[in-house]
Every structure is written in C-alpha cells, then in structure tokens.
Amino acid sequence: MTPADLLLGVLLGAYPIGAAAALVARGALGRGLVAGGGLAGALAGVGLGAVCLGTGIVPTVSTSFLPLTKFALRVDGLSAFFLIVIGVVGAAVSVYGFGYSAAYEGRYSLRLLGAMLNVLLLSLSVQVMADNALTFLMAWEAMSLSAYVMVLTEHDRPGTVRAAHWYIAVTHAGFVALLAMFLLLSAGDLSTSFAGMRSASLTPGTRDAAFVLALFGFGTKAGIAPLHVWLPMAHPVAPSHVSALMSGVVIKMGVYGLLRVTIDLLVDGPPWWGGLVLGVGTVSALLGVLYALMEHDLKRLLAYHSVENIGIV
C-alpha cells in the first residue's frame with residue numbers, strides 16, 4: 001500500500017467516524033470526537049493532495065456498490081490542489097467548531113450539526129476526486145443537503161428558514177442543469193468515466209449547450225451574479241464556522257466544477273466561452289464590492305465580498 005492509498009483510506013474513514021460519533025456521544029466528548037474526525041480527515045486530505053502533486057502517484061477507487069452503477073474516485077493535479085484547500089479550511093473549521101459549538105449545548109441539536117459537518121467535509125473531498133458523473137452528482141447533492149441542514153441550525157431565528165429555503169431552491173435549480181449537462185457529455189450513461197467523456201465526439205451545438213448548462217449549474221453554487229441571491233441570506237444565519245466553510249470552500253466548488261468541465265472534459269472551446277465567463281466574473285466582482293460598501297452587518301459584508309472574490313477568480 002502506497003502512502004497515497006493510506007491517506008485516501010484515512011480520509012474516507014475519518015469523516016464517517018466523526019459523523020457517527022456525533023450521533024452517539026454528548027457534551028465535550030461528542031464535540032471532541034466530531035472535531036477529531038474532521039481534523040483527521042482534513043489533514044489526510046492535505047497530505048494526499050501534497051503527495052499526489054509531489055510524486056505524481058494517482059490513487060484510484062472503483063467499486064460497484066449499487067446495481068448498474070459505479071462509484072469511482074481518482075486524484076489528479078486539479079483535484080489534489082482542491083483537496084489541500086478543503087483540508088486546510090476543514091482543519092481550521094473543525095478545531096474552531098469544538099469551542100464555538102459549546103454555546104449551542106441544550107439549545108440546538110449538536111448531534112445533527114456535528115454529523116453534518118463531517119458529511120459536508122467528506123462530500124467535498126469525494127466531489128473533487130469523482131471520476132464519473134454519478135459519483136460527482138451524489139457528492140454534490142450530499143454537499144448541498146448537509147450545508148442546508150447546518151444553515152437551519154438556529155431555526156428559531158428570524159429569516160433562518162427563509163434563507164435555507166432560498167439556498168436549497170437555487171442549489172437544486174443548478175443541480176438540474178448539471179444533471180442535463182452530464183447526460184449530454186455521457187450520452188445518457190452517468191456511470192461513464194471522465195476519461196470516456198474526454199474522448200467522446202460531440203457536435204459544436206452539444207458542446208455549447210453543455211458549457212452553458214455548466215456555467216449556470218456551477219454558477220448557482222459559486223454565487224455569481226445574478227445567482228448570488230442566497231449568499232447574503234444564508235451566511236448571516238449559519239453558525240460562524242459553517243459560514244467560513246461555505247465561503248472558503250463550498251462556493252469554490254463552483255470554480256472547481258467549471259474548471260473540470262470546460263478545461264478537462266470539453267478540453268477546448270470557442271472564444272465566446274471565455275468572453276462570457278469574463279463578463280459574468282466582472283459583473284459579479286463589481287456588484288459584490290458595491291453591495292459590500294453599503295453593508296454594515298459583518299456576516300452579510302463577508303457574503304458580498306465572497307461574491308466579489310468569486311468574480312475575480
């Protein structure tokens with residue numbers, strides 16, 4: 001077993017252990033096990049990304065776990081970089097969340113919050129390692145639903161339920177677009193590997209349609225204007241360490257997805273693709289900073305700066 005395989009095993013095992021521990025342990029012990037699972041998985045992700053970037057070793061996992069479907073993981077340079085990003089932010093969030101979540105004791109469900117934190121970190125890691133559309137979409141949905149549950153943590157505060165509903169509605173509109181895009185790229189077979197999609201022969205019209213669907217689908221998660229409406233609503237009501245994870249990593253999955261599809265799977269495209277992305281990014285950056293200048297609530301201010309930063313990226 002190579003170091004990369006070992007680190008991959010730790011990553012895939014630590015997060016579920018942290019999630020399970022959250023459901024059975026209480027108090028400081030429960031919070032500690034949640035933080036420990038998240039920290040172990042995050043550090044394993046950082047190590048895996050660093051090993052793969054440094055050595056070029058590519059661990060793969062391909063397992064038939066449901067009839068007619070295939071769960072497939074593969075680490076390449078792009079996914080290794082994002083594993084490091086997820087791991088660094090995930091480690092900080094896990095440690096900070098141990099103390100921060102103590103204030104929720106007896107008021108809100110720490111079990112659900114701790115379990116969903118580990119599920120979110122696991123789904124983010126699996127998503128960037130996904131090697132077929134089915135695995136990617138399952139991880140995308142797990143990421144969306146776990147973040148939704150955590151946004152609802154302080155459900156009795158004004159605006160929390162409305163913000164969570166806006167988030168999940170916009171997210172699922174994007175999910176439908178991504179499903180349609182992958183159906184186009186895979187000729188209707190979502191278990192087709194990404195390597196198979198790269199080698200597929202597509203008409204220019206199909207490629208253009210896939211690009212537009214990708215831009216919309218990933219744009220809903222990234223929070224590009226005008227699809228950013230959920231960001232300034234969801235961030236202020238989410239627990240602080242959840243807001244940090246959403247700003248630092250979750251919305252960046254929109255960037256990862258767009259890079260994966262346009263540069264990797266579609267390989268190349270006409271100039272108007274780049275022009276459209278540049279235009280949307282410019283509008284998002286300008287609107288984000290203008291809204292931020294008028295905002296006085298710190299969390300909403302950070303949300304609008306997230307829109308600005310995504311536009312710049």
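Let me begin with a crossing: helix 5 and helix 8 cross in a left-handed way, a term used when the near helix is turned anticlockwise from the far one by less than a right angle, with clockwise being right-handed. Please keep in mind that this is a predicted model, in which local features need pLDDT of at least 70, side-chain atom pairs count only at pLDDT 80 or more, and totals for chains, interfaces and linings use all residues. Residues are numbered from 1 along each chain as its sequence is written, and side-chain values use heavy atoms, with hydrogens and water left out.

The axes of helix 5, residues 133–151, and helix 8, residues 204–222, come within 13 Å and cross at roughly 30°. That makes the two helices, helix 5 and helix 8, roughly parallel, the word used for angles under 35 degrees. Where they meet, counting heavy atoms within 4.5 Å as contact, Phe 136, Trp 140, Met 143 and Ser 144 of helix 5 face Gly 217, Phe 218 and Lys 221 of helix 8.

Let me turn to a residue of helix 5, Thr 135, which is buried at a relative accessible area of 1%, buried meaning under 20% with a 1.4 Å probe and protein chains only. A polar atom of the Thr 135 side chain lies 3.0 Å from the backbone nitrogen of Ala 72.

Finally, Thr 153 sits in the loop between helix 5 and helix 6, and Thr 153 is also buried, with a relative accessible area of 10%. The side chain of Thr 153 reaches the backbone oxygen of Met 150 at 2.6 Å.

Definitions and conventions
Axes fitted to C-alpha atoms, helices over the stretch in contact; angles between N-to-C directions. Helix = DSSP H or I, 4+ residues; strand = E, 2+ residues; numbered from the N terminus. Parallel < 35°, antiparallel > 145°, perpendicular 65-115°, else oblique. Buried < 20%, exposed > 50% of the residue type's maximum accessible area, 1.4 Å probe, protein only. Polar contact = N/O pair within 3.5 Å; in protein donor to acceptor, adjacent residues only side chain to side chain.
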